[in-house]
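Subject: Handover of a structure

Dear colleague,

Please find below the structure that I am passing on to you. My notes on what was found in it follow directly after.

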Amino acid sequence: MRFSKLTRGLGVCVATAALVAGPGLLPVTTGAAAYAQSDVTMRVSHTQEIDTLNPFTAVFLVSTQLGRLMYEFLTVNSAESSSPEPGIAESWEPSADNLTWTFKIREAKWSDGEPITAKDAAFTYNLIMTNEDAAAANGVAVANYESVTATDDRTLVIKTKTPQASMLSSEVPIVPEHVWSKVTDIKSFTNSETFPVVGSGPFVLTGYDEGASSTLKANDNFWRGRPKVDTLQFVKYENSDAAVQGLRKGDVDIVSGLTPAQYDALASDGNITRNDGRNRRFTEITMNPSNPKADGTAFGNGNPVLKDVAVRQALNYAVDVPTLVDRVKQGHSEPATQLIPPVYSDWTYKPPSDKLRTYDAAKANQLLDEAGYAKGGDGIRVDKQGKPINLRLLIASDNTQNQQTSEYIKEWFEAIGIGLTPEIKSSNQSNDDQNAGNFDLAFTGWSVGPDPDSMLAQQTCKVVGTELSDSNFCNAEYDRLYAQQLAELDRPARQEIVQKMQELLYDNVSAIILTYDKALEAYRSDRFTGFQTQPADGGVITGQNGYWGYYGARPVGAEEATDEAASDNNTPLVVGGVVSGIALLALVVWGVSRRRRVGADERE
Amino acid sequence: MVDVLTTTESATDLVGGRFGRGGSTLRFVAAKIGGGLVSLVMVVVLGFFLFRAMPGNPVRTLIRDRPGDLEQVERLRREWSLDKSLFGQFVDYIVDLAHGDLGTSFKYRQPVTDLLWDRVGATVLLTGTALVLSVALGLWLGTRAAWRHGSRFDQLSTATALVLWSVPTFWLGLIVLIVFAVGLDLFPTAGMVSPGGVDGFFPSILDTGHHLVLPALTMVAVVYAQYLMVMRSSLLEEMNADYLTTARAKGLRDDDVRSKHAVPNALLPTVTIIFLHVGFLISGAVTVEKVFSWPGLGLLTYEAIQVPDYPLLQGSLIVLAGAVIVMNVLADIVYRLIDPRVRTS
C-alpha cells in the first residue's frame, strides 16, 4: 500500500505526538513484522535520474537499464562482446536484396502468461512509426523502416528503405499488444500507473516511487529461466558519498560511478569486492576545424591553424597520455586512440606501430617547424599571419579530472611553443559553446553503443554545427565509407570498412582521443556473487548493453539467503532508532532543565 | 535574512506613513495583497525570460549518448515548441498559465503541476519539522543565554550555535550520516521511505519518521543559531527596562519576571523572522536533500537546471517565489495585528 507524501507527512506529525505521549504505539509496530519479506532482495544504488519508465519515451541511462530488465528486444547484445544474439527472435534472415528481414519469434510467454507473438513486435514497431509521441526514444531505430508486418504468430517481416547493417542492434523494447493497445496517451504515460507491469525480460516492475526507488520481481516466465535473485530494487542516492556509506552499512548491495578516492577507500572492507570494469566510454579533446554546415553556411570560430593537419598531429604528439592515466585517472583508464572503444573488439581499430602517435615532444616540434610555424621571441610560435598561436581549451566546471588534465596539457603545449588558455565554464555553457562552434579545443566524451553506426554518424558532414556532431569533422571520403558500411550486411566486410573509417579519422586527427575510462563499481560479495560482466573479459556489471550483470547474480549460499531475509525485517531497527532518538532528546532536555533549576536556585 | 528584515522594516514605515493614523485596515490589506500580486506577475514574466537567457540546450542534453538523427532533433524542438519564436512561446505560456496549466516537463514528459505537487509534501515535511524544532530550541536557548548573559552557559550555547551555523551543511550532513546511520547503525542512509515502501498505515508513518530523523537533525543544527541570536539580542535590549525593575520590586520570582514580562516583549522581532522563514520553507534545503537523498522540491529544481527543463523551472519558480510573496504579505498584516505600536501609531 502506498500513501501520498502529504498524507504521510500529516501522519508523521500525529505519530510524533503519539510517541511523545506514551509507548502506546509500540505494540502496533511489533505487529508490523508482517511486512518482512522472505525472498532474496538485491539493492542497486543509482545517482542518475529516472526520467520515465515508459519504454517509448525513456532516454536516461538508468531508465533504459530498467527497460532492458523489463522488456526483451528482438536481438540482444552478447555478454562476451556485445555482438547480436537471439532475444525474442530465435533466428533471422535478410533477403537477397538486403531490404527484407524475416525474424522467427520464439515460443515464450509474457509475465502474465499470455503468449509472445510476432503481432506484439509488429504492434510495437508500427506504434513507433505512426505515432510521433511513441517515437521519442526509439524513432531513430525505425527511421529507415518501410513496413513491419506479422505474417503469422511466429514470423515478423521488416522491410527497410535502404539496406541497414545496424538492424540487429536496434534495441527496441517489444511491448505486449494486449496491454499497450489500451494506452491512449503514450506521451504522458509513465508505465507506473498499474502494477505489475507486464513484460518479457528477466524482471517485472512491481513498484515505483518517483525519485526514490523502483522494485522489480523475478519473472517466472523469462525464456532463459527465472533469475536467482527474487527481488531487485534500484534505490536513488543523490550523491555517491552517501551511496558508499549505504554499501558499507548494507542498505544497498551494488554501487557504481565511484570516484577513484571512494574506490580506494573501499579496499579494506572484507565484505566488499570492487570492480574497475572496462567500459564503453572515452574522453577526448576535440579540435574545432570550423567546417561549414551542410547547407554551406559558415560555422564556428576555431583558430585557423587547426585546419592544418600537421598542427593537429603535433598537438597529439605533445600529449603524454600514460602520465594522465597515472596521475589524473589514478590508473583507472586505458590510453586511447579511437572512438570505438576496445570493448567492442569486432569494431575497434588498432593503429599499427608505425602509425601510432605516442608522446614525443621532439617530433611535435619538428612537425611544427616543418610546417612553417616559427617560434617568436617569447617562445610562442606564430601563425602564417604572424600572430602568436594561443588556443582556448573549453572545460566543463563539473569535471574535475578534465580540469586537472588541462594543467598538464598547458605545460606540454607550451613546451612545443603553443599557448593554451583553459576556459572553465558551467557544463550548460560549455555545451552551448560547443554547439555554436565557439571554441578551439574542447573536452568531451561519449558512451558508445553496441553498433558503431551512431558514433560514426557523429563525424559526418551533414551533422556539422548541429546538436549531433562530435568534432564537426567533415571529409567526403569518410562520408562515402559511412554510407558503404551502413549498406554492408556482411559482418566481416563491414568490420573492414568501419576500421578503415577509424583509420581515416586517426590519420586526420579528428580529435585527440585521450582515454578509455573504466567504470568503478563495488558490491557486497558477502551476499551476492555470479555477476556476469560485459565484456566477459574484465567488463562492467552495471551500465551494460544488456541485463547480464543482474541476471547472473545469485545469493551467496542458502544460509546467507536466510540472513538476508532476516535483515530485511528492519522493524526492530526502526523502533530502536526512534526510541533512542527520543531517549537522546529526553536526556538533553533533562540535562538542560537540571542546569536551569540549579541556576534558578542560585539566584534565589 | 538581513534583506528580509529590512523589507519588513520599510513596510512598517509604510504603515506608519501612508496608512497610519486610523487608516482603514481594509485599505491596508488590499494594498498589501495588490503589491503581492504585482510581484507575482513580475515573477511569472521574469521566470520565462530568465531561464531562456540561461546557457543550456535541452535537445543536446537529452539526446546525448543515444543514437540520434536530424529528424529526431526536429521532432524534439517541435514537441517542446522550441521551433516557435520566443514571443510565440511566451504567449503560449501565458495562455496555459491562465488555464492553471504550468506546462509539461521536457525531461519527465509529465504535467509540471503533478511533479511539483508530489515534491512539495516531502519538502514541507522536512523543512517544517526542522523549522518547528529549530525555533523551539533557538528561542529557548536564546532566552536563557540572554537572561544570564556572560555566563558560561551563554558563552557555550552561543558558541556552539555559531559553530554549527558556520559549518558547511554538506560536510556536517555526511558526518551525521556516517556516525548515526553507518557507525551506530540506527538510521537509513537515504530517502524518505524504505525502498519499495512499507505496508500498513502506522508502520509506514514510523518508517518515514525513521528516515526523517537525520535530515531534520542536520537542518536544525545548521539553522537554529539565527533564532537563538535574534531572541538573545532582543531580550538583552529589554533587560534594563524599567518595567522589569518594577516587576522585581513586586517580589516576583526571577523565572516569572523573565517569562511573564521580558520574553513577551522580546518575542516580536523573532515572530516576524519566523513568519518570513515560513515563506522559504518550500524552497527547502537543497544541500540537506542532496546528502540524505530526500526527494524534495529543491532537488527537483536543481536537476531541472542541468537540462535545462524550462517548464519545470518556470513552475518551480512560481511556486517557490509565490510562497515567499504570500508569507511576506501575511507577515505584514500579522505584524500590524500583533504589534500595539504599529496599530496605534
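I begin with a strand pair in chain A: strand β5 (residues 100–105) and strand β7 (residues 155–160) pair in the antiparallel sense over 5 bridges. Helices (H or I, at least four residues) and strands (E, at least two) are DSSP runs, numbered from the N terminus, and two strands pair if DSSP finds at least two bridges between them. This is a predicted model, in which local features need pLDDT of at least 70 and side-chain atom pairs count only at pLDDT 80 or more, while totals for chains, interfaces and linings use all residues. Residues are numbered from 1 along each chain as its sequence is written, and chains are lettered from A and ligands numbered from 1 in the order in which they are written.

**The sheet of chain A**

β4(A) and β5(A) form a hairpin with 5 residues between them, and A:N98 in the turn has a positive phi of about 65°.

Together, 4 strands of chain A form an open, antiparallel sheet in the order β4-β5-β7-β6. Because β4 (89–94) and β6 (145–152) of chain A stand at the edges with a single partner strand each, one side of each is left without a neighbour in the sheet. The covered face of β5(A) carries A:W101, A:F103 and A:I105, and the uncovered face A:T100, A:T102 and A:K104. Helix α4 (residues 118–130) of chain A lies across β5, β6 and β7 of chain A and runs at about 160° to β6(A) (axes are lines fitted to C-alpha atoms, for helices over the stretch in contact, and angles run from 0 to 180 degrees between N-to-C directions).

**Chain B**

Chain B has 15 helices and 0 strands. Buried residues make up 43% of its 345 residues; a residue is buried if 20 or more other C-beta atoms, placed from the backbone, lie within 10 Å of its own. B:V324, found in helix α14 (residues 310–338) of chain B, is buried, with 21 other C-beta atoms within 10 Å. Leaving aside neighbours within four places in sequence, B:V324 is in contact with B:G279 and B:F280 (two residues are in contact if their C-beta atoms, placed from the backbone, lie within 7 Å). B:V324 and B:G36 are 288 residues apart in sequence and 9.7 Å apart in space, C-alpha to C-alpha.

**Where the chains meet**

The contact between the chains takes 77 residues from chain A and 73 residues from chain B. On the side of chain A that touches chain B, the largest share, 11 residues, comes from helix α19 (residues 571–603) of chain A.

**Confidence**

Chain A averages a pLDDT (the predictor's confidence in each residue, from 0 to 100) of 86, and 86% of the residues score at least 70. Over residues 558–570 of chain A the pLDDT is below 50, and this stretch has 16 contacts in the model beyond near neighbours in sequence. Residues 594–604 of chain A also have a pLDDT below 50, with 6 such contacts. Where pLDDT is low, the predicted coordinates should not be read in detail.

With kind regards

Notes: A residue is buried if 20 or more other C-beta atoms lie within 10 Å of its own, exposed if 12 or fewer, and partly exposed in between; C-beta atoms are placed from the backbone.
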